[in-house]
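Please report on the fold, the charged contacts and the backbone of this protein chain. Keep it brief.

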Amino acid sequence: MPGNGEFTKEVMQGLSKCGVNLKLLAAQKKSIGVAVSGGADSVSLLVSLCSICKDYSIPLKVITVNHYIRSDKETCGDVKFVKSLCGSLCDRGFKLTLKIHELKKGAALELAQSQKCGVEAAARELRYAAFEGFINEEKLEYLCLAHNKNDQMETLLMRFLQGAGGNSKNGIPCVRQKYIRPLLWTERSKIEAYLKENKIEWCTDSSNTDTAYLRNRIRAKLIPLLNDQFEGWDKAVLSGSEKSEMDADCLQTLAQNFFEKHARCGKEIKLDAPEFYSLHRALKMRVLLLAFNALGVSSRVPFVFLRDICDYADNYNGGESQKTFAELSVICKKKEVLIKKACQVQKEIVFSVIIEESGMYELPFCRVEVPQALDFPVLLRSWQMDDSIQTADGGTKKVNDVLSDWHVEESLKKYIPVVQALKEREQRILCILGSCMGYSDWIVKMECEK
């Protein structure tokens, strides 16, 4: 079993970057926890932490979670592997304890249906609930998670491609409350090399190769292209993220100060209009998001909705304007800006309009760009449950399944328009215009294109 080699030293440096003082932990007789799935990242973290904790006489507590969202053979096999690995480490003289947290079968699916979110998102919520319980039960000072440098790069690229802004584009934090990520500066190639060199096995999640997920497409297709064609791109992205994070922290502090000074909070939020209108639009957007959070709005608010409010506020010249999205209503007046939750949430969104040419078009809740490569006229409309669209291999896929693959929240799906052919006998769906809500676009390649 490996001792304090170069990889373990790198993990120790990661712990230090996360603010962990090993000598102090040992003196205070505090414990460190680690979440282990059985994958290469978490296995390498577990093994290296065993050596570190042994040297400092720090108790190591391990948790693994069985989500039951894959086949029983695979998910139970991962748990069995982690249990066997921990037993092997104990036999070799490393002191650790293992907790196996088993979710009820179907729990993730039930939560996904009740909260109208994806199964992966529901599983993550249940997993972190288990982590919180584990932290409290074991009185842990830290719980180590195994996200690595490659995960960070994939996250930054994914959020950029999804049009993320503000703090959301700064990637995975190395520290969040008691959660720390000491591998965040370590490349996946180093992790696998370390395990192979020491003849340590790991499990592979079959879903990691499913390119229906954006992260997997980025990993399998985009990153190899960037590595081949754009040397040093990763350092540039990380550097840009660090600069962006500093700017975002400054803007968020300014927005928070403004909100605390000028917002009157209750069942609805009232802002001093002249003061709000005078803000830079970057601050306007952050103040609006603070107001939405104060009202208890947890669902994602599209950038285009914020942009439309700011466009009006930037050029305010009197009168009154109301902008509405889902349960939110923002009313801009001369003396105040009123932000409130609508009394009646509109459950069904139905719209259709014939489009004669490409360009930017205004819908009741956003602006949408209709692409040029279409045989006009076309019909821009809300999608229906039986709508399907052509895939790259010539097959078809349900529009609802496409939106689920994009991880579109259920509450936002109804706002994403499709474009339907009018000149064709079949009147196919030609586009899914998710970009109007900050997602992707799906555009069927026309036969006339060369």
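The report below starts with the basis of the model and ends with backbone details.

## Basis

This is a predicted model, in which local features need pLDDT of at least 70, side-chain atom pairs count only at pLDDT 80 or more, and totals for chains, interfaces and linings use all residues. Residues are numbered from 1 along each chain as its sequence is written, and side-chain values use heavy atoms, with hydrogens and water left out.

## Overall build

The protein chain has 15 helices and 20 strands. Both are DSSP runs numbered from the N terminus: helices are H or I with at least four residues, strands are E with at least two. The C-alpha trace spans about 75 × 55 × 45 Å along its principal axes.

The protein chain has 450 residues, and 44% of them count as buried. Buried means under 20% relative accessible area, exposed means over 50%, and partly exposed lies in between (1.4 Å probe, protein chains only).

## Helix packing

Helix H10 covers residues 233–262 and helix H12 covers residues 281–294. Their axes are 9 Å apart and the packing angle is about 60°. Axes here are lines fitted to C-alpha atoms, for helices over the stretch in contact, and angles run from 0 to 180 degrees between N-to-C directions. H10 is therefore oblique to H12. The classes are roughly parallel under 35 degrees, roughly antiparallel over 145, roughly perpendicular from 65 to 115, and oblique for the rest.

H10 passes H12 in a right-handed crossing. A crossing is right-handed if the near helix is turned clockwise from the far one by less than a right angle, and left-handed if anticlockwise. Gln256 sits in H10. Its relative accessible area is 29%, so Gln256 is partly exposed. Gln256 and Leu283 are 27 residues apart in sequence, with a C-alpha to C-alpha distance of 9.3 Å.

Helix H9 (residues 214–229) contains Asn227. Asn227 is partly exposed, at 48% relative accessibility. Asn227 and Glu197 are 30 residues apart along the chain, and their C-alpha atoms are separated by 25 Å.

## Salt bridges

The structure holds 20 salt bridges. The criterion is a side-chain nitrogen of Lys or Arg within 4 Å of a carboxyl oxygen of Asp or Glu. Lys30 and Glu141 form one of them, at 3.2 Å from N to O. This pair links distant parts of the chain, 111 residues apart. Lys30 is in the loop between helix H2 (22–27) and strand S1 (31–35), and Glu141 is in strand S4 (residues 140–144). Both ends are partly exposed: Lys30 has a relative accessible area of 27%, and Glu141 is at 25%.

Glu336 and Arg264 meet at 3.4 Å, N to O. Here strand S11 (residues 336–341) is linked to strand S7 (residues 263–265), with the two residues 72 apart. Glu336 is buried at 18%, whereas Arg264 is partly exposed at 45%. In the salt bridge of Arg381 with Asp387, the closest N and O atoms are 2.9 Å apart. Arg381 is buried, at 8% relative accessibility. Asp387 is buried too, at 7%. A network of salt bridges links Asp151, Glu154, Arg188, Arg215 and Arg219.

## Nonpolar surface patch

Which residues form a nonpolar patch on the surface? They are Ile69, Leu109 and Val119, with about 210 Å² of accessible area together. Patch residues have over 30% relative accessible area and no salt bridge; nonpolar side chains (Val, Leu, Ile, Met, Phe, Trp, Tyr) are joined within 5 Å, like charges within 9 Å. Areas come from the Shrake-Rupley method with a 1.4 Å probe; for residues, only the protein chains shown count as cover.

Leu109 lies in helix H5 (residues 107–115). Leu109 is partly exposed, with a relative accessible area of 44%.

## Backbone details

A cis peptide bond joins Phe376 and Pro377, with omega about 0°. Pro377 is in the loop between strand S14 (367–370) and strand S15 (378–382).

Lys139 has a phi near 55°, a positive value in a residue other than glycine. Lys139 lies in the loop between helix H6 (119–138) and S4. Its relative accessible area is 66%, so Lys139 is exposed. Gln427 is not a glycine, yet has a positive phi of about 50°. Gln427 belongs to the loop between strand S18 (417–421) and strand S19 (429–433). Gln427 is partly exposed, at 33%.
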